[in-house]
Structures are given as C-alpha cells and as structure tokens.
Amino acid sequence: MNEANKYPSCLTTKEIENILKASGVQSTAQRLAVSRYVLCEASHCTVEEVKDWADQNFPKISLATVYNTLNILVEVGLLKALKLSHSDKVIYDNNVDNHYHFLDEQTGELSDISSDKIDFKTSLNESFKINSIDVLIKGTKSINKV
Ligand SMILES: [Zn+2]
C-alpha cells in the first residue's frame, strides 16, 4: 500500500509540503509528520496530545514547532481551533465543515454530529446576524447505535 492510498480522503505528503512552503515555512520531516497526523489520523486533539505523539516519533521536536505547525494549518483552513465548554484546552479539529459535537461524558470522546442532524429555530430579530453556531451535546454514546 503506498502512502497516498493509506488515507484516501486526506492530503498527500507532497500537498502538505506545498501548503507549508506557500505559508513561508520550511517543510521539515517533523512538520510534515505532525501535519499528516493531525489532518489524517488524529481527531479533536489538543496540542499536548500532538506533542505526546510527536515525542514518540521525533524525540527532538519542540512544543513551539508543534504549535506553529498547528497554527499554520488553522490559518490555511485545513484545521479548526475549537474552544468547547467541557475543556479549557484548544481542540484541533480536522473536520472543517460546519458541524456540532457530542461529548461522551464517560469516555471523554468527542464525536462529530452533522449539522443536518440538528435543526435550529431561532426567533431572533434581524438585528442578529448569525455566522456560526457552536453546539456541544453531552451524554453517553452507546457502542451499538450510530
Ligand atoms: Zn469535530
């Protein structure tokens, strides 16, 4: 299996390299690996989780490198930096489509909820212009039902 087919919905290493270059950043092996991890493998991770992963793969990677790699990916729109009410940490989300979240309070796992699964009806007058709505639903998720 070649690398391009491993994560079919994800960017190739070459594409990530081009994005980093276009942002004026040297695309080191560490930055590329961190980018692929957060864009293709991890979901809803904190900078500490990314750093822990990086430490296992690249003993010399600095927290600053992890931070600025994540910030570049946020700036170019490949990653969203979320603040949700259950945690005071920033959560990096590789699903940049409009969506909501479900927090399993027993496991701490966050699941994406498609925005078409929840319907909002507001009675705000036209002086309120809504750009986005953040929703965090808390409960427990059964393994059997999706
Ligand atoms: Zn999400």
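**Note on strands and domains**

1. Start with the sheet. Three strands form an open sheet in the order S4-S3-S5, and the pairing is mixed. The edges belong to strand S4 (110-114) and strand S5 (136-139). Each of these has a single partner strand, so one side of each lacks a neighbour in the sheet. On average, neighbouring strands of this sheet are turned by 30° against each other, direction ignored. Keep in mind that this is a predicted model.

2. Next, the pairing of S3 with S5. Strand S3 covers residues 99-104. Its pairing with S5 is parallel and runs over four bridges. For a residue to look at, take Phe102: its bridge partner in S5 is Ile137.

3. Now the other strand pair. Strand S1 spans residues 80-83 and strand S2 spans residues 90-93. The two run antiparallel and are joined by four bridges. Lys80 has Asp93 as its bridge partner in S2. Together S1 and S2 make a hairpin, with six residues between the two strands.

4. Then the domains. The domain assignment lists two entries: domain 1 covers 3-83 and domain 2 covers 97-139. How far apart do the C-alpha centres of domain 1 and domain 2 lie? They are 26 Å apart.

5. Read the strands against those bounds. Domain 1 ends at residue 83, and S1 also ends at residue 83. S2, at residues 90-93, is the hairpin partner of S1.

Note on methods. Residues numbered from 1 in each chain as written. Predicted model: local features only at pLDDT ≥ 70, side-chain atom pairs only at ≥ 80, totals over all residues. Pairing = 2+ DSSP bridges. Domains from an automatic or database assignment. Axes fitted to C-alpha atoms, helices over the stretch in contact; angles between N-to-C directions.
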